[in-house]
Amino acid sequence: MTADPRAALDRFVAALEGHYHAVAARRGDDDPAVDDAYEVLADAFEVYEDSLAQVYTEVTPFYLDDGDDEDDDYEDEDDDYEEASAS
């Protein structure tokens, strides 16, 4: 079965909106609504990307990070910010 890229795009855009609303209404650092919206957004992106590849042999310029070294990335960014602020 081939996914409809237009329907996948509509779902992706709705997931972006849902993620934005969850972040804007966040209740604390560990709000499960934000985590849920993140997962929905990631899934919608993958469906959209797959449907583009199937139907048009095209992809987006984005990729989903697997999150294995996510903490390391944030620490590096914090270090860079602190170094720039100290200058």
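Is Asp 31 buried or exposed? Asp 31 is buried, because its relative accessible area is 6%, under the 20% that sets the limit for a buried residue. The model discussed here is a predicted one.

**Overall layout**

The protein chain contains three helices and zero strands. Read from the N terminus, the order of elements is α-α-α. Of its 87 residues, 20% count as buried. The chain exposes about 6900 Å², and carbon and sulfur atoms supply 50% of that area. Among contacts with a separation of 6 or more, 53% come from residues 24 or more positions apart.

**Helix α1**

Helix α1 has 20 residues, which at 1.5 Å a residue should span 28 Å; the end C-alpha atoms are 28 Å apart, so the two values agree. The buried residues of this helix are Pro 5, Ala 8, Phe 12, Ala 15 and Ala 22. They lie on the same side of α1, because they cover an arc of only 100 degrees around the axis. An α-helix has 3.6 residues a turn, so residues three or four places apart point the same way. The buried residues of α1 pack against α2. On the face turned away from the buried side, α1 carries the exposed residues Arg 6, Tyr 20 and Ala 24.

His 21 is also located in helix α1. With a relative accessible area of 48%, His 21 is partly exposed, since that class runs between 20% and 50%. His 21 and Val 34 are 13 residues apart in sequence, and their C-alpha atoms are 8.8 Å apart in space.

**Salt bridges**

How many salt bridges does the count come to? The count comes to two.

| Arg 6 | Asp 10 | 2.8 Å |

Arg 6 and Asp 10 both belong to helix α1 and sit four residues apart, about one turn of the helix. Arg 6 is one of the exposed residues on the face of α1 turned away from its buried side. Asp 10 counts as partly exposed, because its relative accessibility is 39%.

In the other pair, Arg 27 counts as exposed, because its relative accessibility is 68%.

**The loop between α1 and α2**

Asp 31 is placed in the loop between α1 (5–24) and α2 (32–56). What does the side chain of Asp 31 reach at 3.0 Å? It reaches the backbone nitrogen of Ala 33. A polar atom of the Asp 31 side chain also lies 2.8 Å from the backbone nitrogen of Arg 27. When neighbours within four places in sequence are left aside, Asp 31 is in contact with Ala 25 and Arg 26.

**The loop between α2 and α3**

Thr 60 lies in the loop between α2 and α3 (70–86). Thr 60 counts as buried, because its relative accessibility is 15%. Which side chain does a polar contact of 2.6 Å join to that of Thr 60? The partner is the side chain of Glu 49. Leaving aside neighbours within four places in sequence, Thr 60 is in contact with Phe 45, Tyr 48, Glu 49 and Leu 52.

Terms used:
Residues are numbered from 1 along each chain as its sequence is written. This is a predicted model: local features need pLDDT of at least 70, side-chain atom pairs count only at pLDDT 80 or more; totals for chains, interfaces and linings use all residues. Side-chain values use heavy atoms; hydrogens and water are left out. Helices (H or I, at least four residues) and strands (E, at least two) are DSSP runs, numbered from the N terminus. A polar contact is a pair of N or O atoms within 3.5 Å; within protein, one must be able to donate a hydrogen and the other to accept it, and residues adjacent in sequence count only if both atoms are side-chain atoms. Contact means heavy atoms within 4.5 Å. Buried means under 20% relative accessible area, exposed over 50%, partly exposed in between (1.4 Å probe, protein chains only). Accessible areas come from the Shrake-Rupley method with a 1.4 Å probe; for residues, only the protein chains shown count as cover. The expected span of a helix is 1.5 Å times one less than its number of residues. The arc is that of the directions from the helix axis to the C-beta atoms. A salt bridge is a side-chain nitrogen of Lys or Arg within 4 Å of a carboxyl oxygen of Asp or Glu.
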